[in-house]
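Have a look at the sequence and the structure first, then read on.

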Amino acid sequence: SSGINAEYGRSGKNAPLRALQSQCAYVCGKITGETQTIGSYNFFEVGSHVQAMRIGSNNVFESKCKLGRKLTVGDGCVVSVFCSLEKEDHLDDTTVVYGPNNQRRKQQDKPMAQTQQLEFLAKVLPNFHNLKKSNVSPSPEPKG
């Protein structure tokens, strides 16, 4: 699947989200001016809508899931397709949210980090990156 893989995470109002992106996932913490904290090795699938202000590490947010800004997420969680969590709440470590009623269960093992996918993308993406030259000539600098 494709999405954003937050390799290094982000912390701060204007900190960049260092990620590999294909298409679009909505990750936003600038609504209230609060600091959004995102841990390492999280995977945001295309179409996920994540406003949670505190996100741990090694989480997976599947396509079309929606997380409100009053939610906090621990480490190693999975939020499945079409799940919606918009009330003030906390997902404990290794929680899986699934199904039409947002059922929850605990994983037996912690999920593997997304390092294999990162390594694969680091090898493959340069092969498909095409630079296009602009047809516009640079304007000459004015003489002063």
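What follows goes from the whole chain down to a few single residues.

A quick note before we start: this is a predicted model, where local features need pLDDT of at least 70, side-chain atom pairs count only at pLDDT 80 or more, and totals for chains, interfaces and linings use all residues. Residues are numbered from 1 along each chain as its sequence is written, and side-chain values use heavy atoms, with hydrogens and water left out.

**The whole chain**

The protein chain has 1 helix and 15 strands. Both are DSSP runs numbered from the N terminus: helices are H or I with at least four residues, strands are E with at least two. Of its 144 residues, 35% count as buried. Buried means under 20% relative accessible area, exposed means over 50%, and partly exposed is in between (1.4 Å probe, protein chains only).

**An aromatic pair**

How many aromatic pairs does the structure hold? There is 1 aromatic pair. Rings of Phe, Tyr and Trp (its six-membered ring) pair if their centres lie within 6.5 Å; planes under 30 degrees apart count as stacked, over 60 as edge-to-face and the rest as tilted. Here, Phe44 and Phe61 have ring centres 5.0 Å apart and planes at 20°, so they are stacked. The pair links distant parts of the chain, with Phe44 in strand S5 (residues 42–45) and Phe61 in strand S8 (residues 60–61), 17 residues apart.

**Cysteines**

A disulfide is a covalent bond between the sulfur atoms of two cysteines. The rule used here asks for a pair of cysteine sulfur atoms within 2.5 Å, and the count is 0 disulfides.

| Residue | Relative accessible area | Class |
|---|---|---|
| Phe44 | 0% | buried |
| Phe61 | 0% | buried |
| Cys77 | 1% | buried |
| Cys83 | 0% | buried |
| Tyr41 | 27% | partly exposed |
| Asn102 | 21% | partly exposed |

**Two loop residues**

Tyr41 is not a glycine, yet its phi is positive, about 55°; Tyr41 lies in the loop between strand S4 (37–38) and S5. Asn102, not a glycine either, has a positive phi of about 55° and sits in the loop between strand S14 (95–98) and strand S15 (103–106).
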